[in-house]
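Keep the structure open as you read.

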Amino acid sequence: MTTGAKKLATRTTLVRSLSFSAVTALMLIPALAGATDPDKNADVAVTSSISAKMRSVSLGVGKSVVVDLPREAKDVLVADPKIANAVIRSAQRAYIIGAAVGQTNVVFFDAEGNQVASYDIAIKRDLNGMRAALKQMLPGVQIEGVGDSVVLTGTVASPVEAQQAGDIAAKLVGSADKVVNSIVVRGRDQVMLKVTVAEVRRDVVKQLGVDLSANMNYGTAAVVFNNANAFTANNGPLAPSNVLAGAALNKLGVPTVTATLRAMENAGVVKTLAEPNLTAISGESATFVSGGEFPIPTGVTCQTTTSGTIGNCVQTVSFKKFGISLNFTPVVLSEGRISLKVMTEVSEVSMENALTGGQGGTTIPSIKTRRADTTLEVPSGGSIAMAGLIQEQTKQAINGMPGVDQIPVLGQLFRSQDFVNNETELMVIVTPYVVRAVAQKELSRPDDGFAPASDAQSALLARVNRIYGVAARAEPIGATPVNFGFIID
């Protein structure tokens with residue numbers, strides 16, 4: 001080939017290369033546009049070679065996106081048609097429609113089976129309407145979709161606003177379990193709850209009974225009579241040793257008739273007062289328990305020796321709590337108003353319905369419980385009384401010999417009767433306050449100002465602490481405080 005022919009061939013190759021590059025550039029221009037907002041209908045243009053690059057597209061449920069293909073497509077593959085659907089409108093244009101929440105992929109092929117375009121499709125919930133509603137009601141709250149759930153973020157002024165946002169999102173997804181509430185509350189309020197638990201119980205027990213026994217001898221004949229009447233209303237006598245006995249003697253000095261009189265009356269009053277104070281952050285719970293625990297036998301544990309014989313056995317126990325317990329959950333609704341869930345319980349150990357058992361005949365007591373559980377709304381500093389928790393129990397039993405115990409006057413010698421009356425009234429007063437933290441110097445302890453008495457004051461005046469000034473004396477405003485101390489009445 002001559003030099004002129006070589007130059008002409010080189011120029012022809014260069015022109016062809018430039019033409020191919022220009023065509024390639026024109027094909028790449030639509031690909032630079034990328035995918036648009038998943039919640040709006042848009043055109044997505046992608047250029048693909050033999051192995052097309054995977055692109056991600058996000059759509060809302062019921063939304064669609066228009067796809068412009070780089071060359072003609074003859075076939076389309078949808079991995080999960082339940083999640084998304086692809087419709088070929090023309091040889092180089094297709095629609096992808098979101099059907100359900102989930103993920104899938106869509107691949108387009110040409111007539112030779114080569115891959116034209118590939119899309120990774122993520123179908124999420126359409127949150128545009130929810131975003132507009134939250135922006136109008138709660139501007140500081142954002143919502144995003146994660147699979148079939150939603151995540152709430154942002155900041156609000158009170159727990160009530162955070163709860164409102166969570167309720168609105170729960171309506172959208174249909175279940176509160178699919179709502180992740182990550183909203184931060186600015187300046188959460190603290191609530192102090194002052195509770196007064198007052199209980200008065202009065203018990204009255206009266207017992208009166210006569211036991212008769214007789215031994216009559218006449219020659220070789222003997223008649224023995226014995227009548228012991230039990231007290232069943234109180235499950236036993238108040239004092240078994242409290243008896244008054246009398247006997248009638250015959251000529252030989254042998255008692256023939258013995259009468260035992262048992263009479264006892266018991267009246268008691270029990271007062272229970274507790275004033276626990278608790279402080280908790282709005283929306284959180286606080287618990288107070290004042291009481292004790294008593295053991296209950298649960299079984300016996302024995303040691304086994306190396307020879308297989310049973311060695312020492314030890315009784316195992318578990319502990320049951322009793323006393324006064326308080327649990328409350330406050331929620332500050334607005335300035336000065338508090339929604340409060342309160343549960344208070346008063347329990348005590350009782351020998352009624354006690355169970356005797358265990359190793360060595362152990363007596364297991366029972367527990368009397370009074371419980372109140374309610375939800376209320378009060379202003380800060382306002383009080384609500386949960387009263388009317390009154391219980392009255394009356395038991396009366398008469399035991400005696402049938403027929404004879406019904407004889408007027410004389411029938412009392414053949415019967416016993418006991419009367420039990422229990423009256424209980426419980427009252428709970430609840431007062432919540434919205435509180436703020438204070439400096440330590442503004443607080444005082446119960447032992448502030450306490451000074452033990454000197455040896456001379458203890459020996460001569462029988463005092464346990466020093467006394468200053470006059471009791472309950474009011475100091476003028478601005479005056480210098482004087483020494484103070486405990487005064488014992």
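## Pocket and cavity

Start with the largest pocket: 21 residues line it, and Asn234, Ser350, Met351, Glu352 and Lys368 are the ones nearest its centre. Its volume is about 450 Å³. On a 1 Å grid over the protein atoms alone, a pocket is an open set of points with protein on both sides within 12 Å along at least five of seven lines, whereas a cavity is a set where a 1.4 Å probe fits but cannot get out; lining residues have an atom within 4 Å of a point. Grid points are joined across faces, edges and corners, and a volume is the space filled by probe spheres set on the points.

Before going further, note that this is a predicted model: local features need pLDDT of at least 70, side-chain atom pairs count only at pLDDT 80 or more, and totals for chains, interfaces and linings use all residues. Residues are numbered from 1 along each chain as its sequence is written, and side-chain values use heavy atoms, with hydrogens and water left out.

Strand 20 has the largest share, at six residues. (Strands are DSSP runs of E, at least two residues, and helices are runs of H or I, at least four, both numbered from the N terminus.)

The whole structure holds one cavity of 30 Å³ or more, and the space in the largest cavity is about 50 Å³. Its lining consists of Gln207, Phe231, Pro237, Leu238, Ala239, Asn242, Arg262, Ala263 and Met264. Strand 16 contributes the most here, with three residues.

## The fold and its cores

The chain has four helices and 23 strands. Of its 489 residues, 29% count as buried (under 20% relative accessible area; exposed is over 50%, partly exposed in between, with a 1.4 Å probe and protein chains only). Among contacts (heavy atoms within 4.5 Å) with a separation of 6 or more, 61% are between residues 24 or more positions apart.

A nonpolar core is a set of buried Ala, Val, Leu, Ile, Met, Phe, Trp, Tyr and Cys residues joined through side-chain atoms within 4.5 Å. The largest one has 20 residues, and Leu193, Val197, Phe328, Leu340, Val342 and Val430 have the most contacts inside it. Strand 13, strand 17 (277-281), strand 19 (310-334), strand 20, strand 21 (362-379) and strand 23 each give this core at least two residues. A second, separate core has 19 residues, including Leu59, Ala84, Ala94 and Phe108.

Beyond its neighbours within four places in sequence, Val342 touches Leu326, Asn327, Phe328, Ala372, Asp373, Thr374, Met386 and Val430.

## Residues worth a click

Thr431 sits in strand 23. Is it buried or exposed? Thr431 counts as buried because its relative accessible area is 7%. Its side chain makes a polar contact of 2.5 Å with that of Ser383; such a contact is a pair of N or O atoms within 3.5 Å, where, within protein, one must be able to donate a hydrogen and the other to accept it, and residues adjacent in sequence count only if both atoms are side-chain atoms.

Glu348, in strand 20, is buried at 19% relative accessibility. A polar contact of 2.8 Å links its side chain to that of Arg201. Leaving out neighbours within four places in sequence, the contacts of Glu348 include Phe322, Ser366 and Lys368.

Ala233 lies in the loop between strand 14 (221-227) and strand 15 (244-249), and is buried at 6%. Ala233 and Val420 are 187 residues apart in sequence, yet 6.8 Å apart C-alpha to C-alpha.

Arg71, in the loop between strand 3 (64-68) and strand 4 (75-78), is partly exposed at 24% relative accessibility. Its side chain has a polar contact of 3.5 Å with the side chain of Asp110, and one of its polar side-chain atoms lies 3.4 Å from the backbone oxygen of Gln115.
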